[in-house]
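Biologist: I would like to learn how to read side-chain features from a model. Can we take them one at a time?

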Amino acid sequence: MLERTPRRKRSEVIFVLSSGHPIGEVSAVGDFDGRRPGRHPMAGRADGSRAAAVVLPAGEEHGLRYLAEDGHWRDEEGAGGHDGRNGLLHT
């Protein structure tokens, strides 16, 4: 799930995964961070879900996926589209 807070020239985006899915460490990975796993790790929340936040310029499109332990990739179901490899995040 994506939580977005639009601002004038930027958008605050919170990537959210439900409790326990997938199991183990997970990070949000995209062209917004040079596709570097671990740069945006998903941290636990009080409700059991996990989240990571980024601030991105408004009016852009970014490729996005989640990387879990053992090299398992997961798509973001709430992305605004798909380019055949990545979910697309529109800010």
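Modeller: Start with the salt bridge: a side-chain nitrogen of Lys or Arg within 4 Å of a carboxyl oxygen of Asp or Glu. The general idea is that side chains of opposite charge can pair when their charged atoms come close. Here arginine 65 and aspartate 75 meet in a salt bridge, at 3.0 Å from N to O. Two notes on the source. This is a predicted model, where local features need pLDDT of at least 70 and side-chain atom pairs count only at pLDDT 80 or more, while totals for chains, interfaces and linings use all residues. Residues are numbered from 1 along each chain as its sequence is written, and side-chain values use heavy atoms, with hydrogens and water left out.

Biologist: Which parts of the chain does the pair of arginine 65 and aspartate 75 link?

Modeller: First, the elements: helices (H or I, at least four residues) and strands (E, at least two) are DSSP runs, numbered from the N terminus. Arginine 65 sits in strand E7, and aspartate 75 in the loop between strand E8 (73–74) and strand E9 (87–90). The two residues are 10 apart, and the pair links distant parts of the chain.

Biologist: Is arginine 65 buried or exposed?

Modeller: Areas come from the Shrake-Rupley method, and for residues only the protein chains shown count as cover. Arginine 65 is buried, because its relative accessible area is 18%. Aspartate 75 has 34%, so aspartate 75 is partly exposed.

Biologist: How many salt bridges does the count come to?

Modeller: The count comes to 4 salt bridges. Among them, arginine 7 pairs with glutamate 12, with the closest N and O atoms 2.8 Å apart. Arginine 10 also bridges to glutamate 12, at 3.5 Å from N to O.

Biologist: Which class of accessibility does glutamate 12 fall in?

Modeller: Glutamate 12 is partly exposed, because its relative accessibility is 24%. Arginine 7 has 42%, so arginine 7 is partly exposed. Arginine 10 has 36%, so arginine 10 counts as partly exposed.

Biologist: Which residues do salt bridges with shared partners join into one network?

Modeller: Arg7, Arg10 and Glu12.

Biologist: Next, rings. How many aromatic pairs does the count come to?

Modeller: Take rings of Phe, Tyr and Trp (its six-membered ring): they pair if their centres lie within 6.5 Å. Planes under 30 degrees apart count as stacked, over 60 as edge-to-face, and the rest as tilted. The count here comes to 2 aromatic pairs. Phenylalanine 15 and phenylalanine 32 are stacked, at 5.6 Å centre to centre and 15° between the planes. Phenylalanine 15 is in strand E2 (residues 10–17) and phenylalanine 32 in the loop between strand E3 (26–30) and strand E4 (40–41), so this pair ties together parts 17 residues apart in sequence.

Biologist: What geometry do phenylalanine 15 and tyrosine 66 have?

Modeller: Phenylalanine 15 and tyrosine 66 are edge-to-face, at 6.3 Å centre to centre and 85° between the planes. Tyrosine 66 is in strand E7 and phenylalanine 15 in strand E2, so the pair ties together parts 51 residues apart in sequence. Ring pairs link Phe15, Phe32 and Tyr66 into a cluster.

Biologist: Why does phenylalanine 15 count as buried?

Modeller: Phenylalanine 15 counts as buried because its relative accessibility is 0%. Tyrosine 66 is buried because it has 1%. Phenylalanine 32 has 16%, so phenylalanine 32 is buried.

Biologist: Now surface charge. Which residues gather in a patch of negative charge?

Modeller: A charge is placed at NZ of Lys, CZ of Arg, CG of Asp or CD of Glu. Patches take residues with over 30% relative accessible area and no salt bridge; like charges are joined within 9 Å, and nonpolar side chains (Val, Leu, Ile, Met, Phe, Trp, Tyr) within 5 Å. On this surface, Asp31, Glu60, Glu61 and Asp83 gather in a negative patch. Glutamate 61 lies in strand E7 (residues 61–68). Glutamate 61 is partly exposed because its relative accessibility is 45%.

Biologist: Last, the backbone. What is phi of aspartate 70?

Modeller: Phi of aspartate 70 is near 65°, a positive value in a residue other than glycine. Aspartate 70 lies in the loop between E7 and E8. Its relative accessible area is 71%, so aspartate 70 is exposed. Arginine 35 has phi near 55°, also positive in a residue other than glycine. Arginine 35 is in the loop between E3 and E4.

Terms used
Areas by Shrake-Rupley, 256 points an atom, 1.4 Å probe, with all protein chains shown as cover. Lys, Arg positive; Asp, Glu negative; His and termini not counted. Buried < 20%, exposed > 50% of the residue type's maximum accessible area, 1.4 Å probe, protein only.
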